[in-house]
Amino acid sequence: MPSGTDSTTDLLVVRGLRTTLRTPRGPLAVVDGADLRVPRRTTVGVVGESGSGKTMFARSLMNLLPAGAEVTAEELTFDDRELDPRRPPHRHFWGTEISMVFQDPMTALNPVRTVGAQICDPLRVHQGMGRGVARRRAAELLGHVGIPAPWSRLDQYPHELSGGMRQRVMIAVAISCEPKLLVADEPTTGLDVTVQRQILALLRRLKDEHGMAMLLISHDIALLADEVDQVGVMYAGQVVEHTDVAQIRGKAVRHRYTRALLQAHPDVNAPARTRLESIPGGPPDLLAMPEGCRFAARCEHAREICRATAPQPTRDPRTGAAFTCHFPHEPAEELV
Ligand SMILES: Nc1ncnc2c1ncn2[C@@H]1O[C@H](COP(=O)(O)OP(=O)(O)OP(=O)(O)O)[C@@H](O)[C@H]1O
Ligand SMILES: [Mg+2]
C-alpha cells in the first residue's frame with residue numbers, strides 16, 4: 001500500500017473482493033480477488049481498460065448489483081466497522097456513509113420526478129427534514145454545485161437540463177447527506193472538456209470542504225494523474241498495482257500493465273486527454289481466465305513462470321506501492 005496508508009487512517013479496506021454475476025453463459029467473476037484501501041480524506045483513482053471491472057467493483061461496495069450477483073471478500077471494513085459483503089448495507093448506509101455518482105446520469109436520475117424531489121428524498125428520509133426545510137436545503141445544494149438560479153431548477157425534470165447540469169444534480173444528490181466516501185464512476189464521461197474541468201474542480205472543492213474521501217473511477221490515466229492522491233490499476237477484475245500518484249507522474253510504476261498504460265500516454269503530464277487504446281491485444285475472456293498472470297499474453301516481458309503461476313502481491317519497500325508482477329519494471333530502467 002502506498003505511503004500514508006495504514007489501518008488507522010484507512011476509511012475503506014477491501015481485501016479479496018469477488019463479485020460473481022449470474023449470466024446465461026454461466027457464473028461470471030467480474031471482480032476476482034480485488035484489494036484496495038482508501039485512506040480518510042484522500043482521493044484514490046481507479047483506472048483500467050473498458051471491461052476491467054471498475055464499475056462492478058464500485059457497485060459491489062454499494063451493493064447495487066444485478067439480481068443474483070454474489071459478493072464475497074476476505075475483508076471489507078468501512079470506518080472501522082466490518083461489513084458483510086453478502087448482505088446489502090442497511091438503506092441508511094447509502095448516502096450518509098458512502099454515496100455514488102454514476103457513469104450515466106440520465107439512467108441514474110429518475111426521469112419522471114423533478115430535480116427538487118430527487119434531492120429532497122434523501123434529506124427527508126435520512127435527516128428527517130420537513131418539506132420546506134428540505135426544499136431550502138436542496139436549493140442551497142444546487143447553488144453549491146454551481147447551478148445558477150437554483151430555486152427555478154427545483155421544479156424541472158432531468159431532461160430539461162444539459163448533460164453538465166444533470167451531472168451536477170447527481171453530485172448534489174450524492175453529497176446531500178455528507179457521506180464520508182464519495183464514489184464517482186466516470187463522472188465526466190460524455191461532457192465537453194470545459195464542463196469536465198468544472199465538474200472535477202467541483203468534486204475537488206467538495207472533497208476539501210467536507211473532508212470526504214473519494215474513489216474516482218476513470219479510464220483516463222492522465223486525468224487521474226491531475227486529480228488524485230493514489231491510483232489503483234484494475235486489470236481483468238483485479239487491482240494489479242496500487243501506488244501514490246507521484247509514481248504515476250514520474251512513470252516510476254512497477255507492474256508491466258501500468259507501465260504499458262503509461263506508454264499509451266506518452267506525456268501523462270500534458271493537458272491533452274487521450275483514451276487508452278494502444279496496448280496490443282485484449283483482456284482475457286472472463287470465462288477462460290489463464291492460470292498465471294492475467295496480463296501475460298499481452299506482456300512483452302512475460303516468461304514461462306508468468307504463464308504458469310499467478311504472481312503474489314508484493315510491496316515496493318521504497319515507495320510502499322503494492323503490485324502483482326513476477327518481473328516488475330525497475331524505475332531505473334531507461335524510459336522508452
Ligand atoms: N449486467 C451484466 N451482466 C453480465 N456481465 C456484465 C454485466 N455488467 C458488466 N458485465 C461484465 O463485467 C465486466 C466488468 O464490467 P464493468 O462494467 O465493471 O467494466 P468497467 O471497467 O467499468 O468498464 P467501462 O470502462 O467500459 O465502464 C465486463 O466484462 C462486462 O462485460
Ligand atoms: Mg464502468
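Helix H1 gives the most to the shell around ligand 1, with three residues. Helices (H or I, at least four residues) and strands (E, at least two) are DSSP runs, numbered from the N terminus. The model is predicted: local features need pLDDT of at least 70, side-chain atom pairs count only at pLDDT 80 or more, and totals for chains, interfaces and linings use all residues. Residues are numbered from 1 along each chain as its sequence is written, chains are lettered from A and ligands numbered from 1 in the order in which they are written, and side-chain values use heavy atoms, with hydrogens and water left out.

The shell around ligand 1 holds 16 residues. A residue is near a molecule or strand if one of its heavy atoms lies within 4 Å of it. Val30, Ser50, Gly51, Lys54 and Thr55 come nearest to ligand 1. By class, the shell has six nonpolar, seven polar and three charged residues. Ala, Val, Leu, Ile, Met, Phe, Trp, Tyr, Cys and Pro count as nonpolar, Asp, Glu, Lys and Arg as charged, and the others, Gly among them, as polar.

Polar contacts to ligand 1 come next. Such a contact is a pair of N or O atoms within 3.5 Å; within protein, one must be able to donate a hydrogen and the other to accept it, and residues adjacent in sequence count only if both atoms are side-chain atoms. A polar backbone atom of Gly51 is 2.8 Å from an oxygen atom of ligand 1. Thr55 places a polar side-chain atom 2.8 Å from an oxygen atom of the ligand. For Met56, a polar backbone atom is 2.9 Å from an oxygen atom of ligand 1. The ligand exposes 640 Å² when taken alone, and the protein buries 67% of that. Accessible areas come from the Shrake-Rupley method with a 1.4 Å probe; for residues, only the protein chains shown count as cover. Strand S1 (10–23), strand S2 (26–39) and helix H1 (54–62) are the elements that give two or more residues to the shell.

Strand S1 also pairs with strand S5 (residues 75–78), in the antiparallel sense over four bridges. Two strands pair if DSSP finds at least two bridges between them. Val14 stands opposite Leu76 in S5. S5 in turn pairs with strand S6 (residues 81–82), antiparallel, over two bridges. Here Arg81 in S6 is the bridge partner of Phe78. The hairpin of S5 and S6 has two residues between the strands, and Asp79 takes a positive phi near 55 degrees.

Eight strands form an open sheet with mixed pairing, in the order S7-S8-S9-S3-S10-S11-S13-S12. Its edge strands, S7 (98–101) and S12 (314–315), each pair on one side only. Strand S3 (residues 43–47) and strand S9 (residues 213–218) pair in the parallel sense over five bridges. Val46 has Ile217 in S9 as its bridge partner.

Some single residues follow. Asn63, in the loop between H1 and strand S4 (70–72), is not a glycine but has a positive phi of about 55 degrees. Glu178 lies in the loop between helix H7 (163–175) and strand S8 (181–185); its phi is positive, near 50 degrees. Ser152 lies in helix H6 (residues 150–153). Its side chain reaches the backbone oxygen of Ala149 at 2.8 Å.

Confidence is given by pLDDT, the predictor's confidence in each residue, from 0 to 100. The chain averages 88, and 90% of the residues score at least 70. Over residues 271–277 the pLDDT is below 50; beyond near neighbours in sequence, this stretch has 15 contacts in the model, a contact meaning heavy atoms within 4.5 Å.
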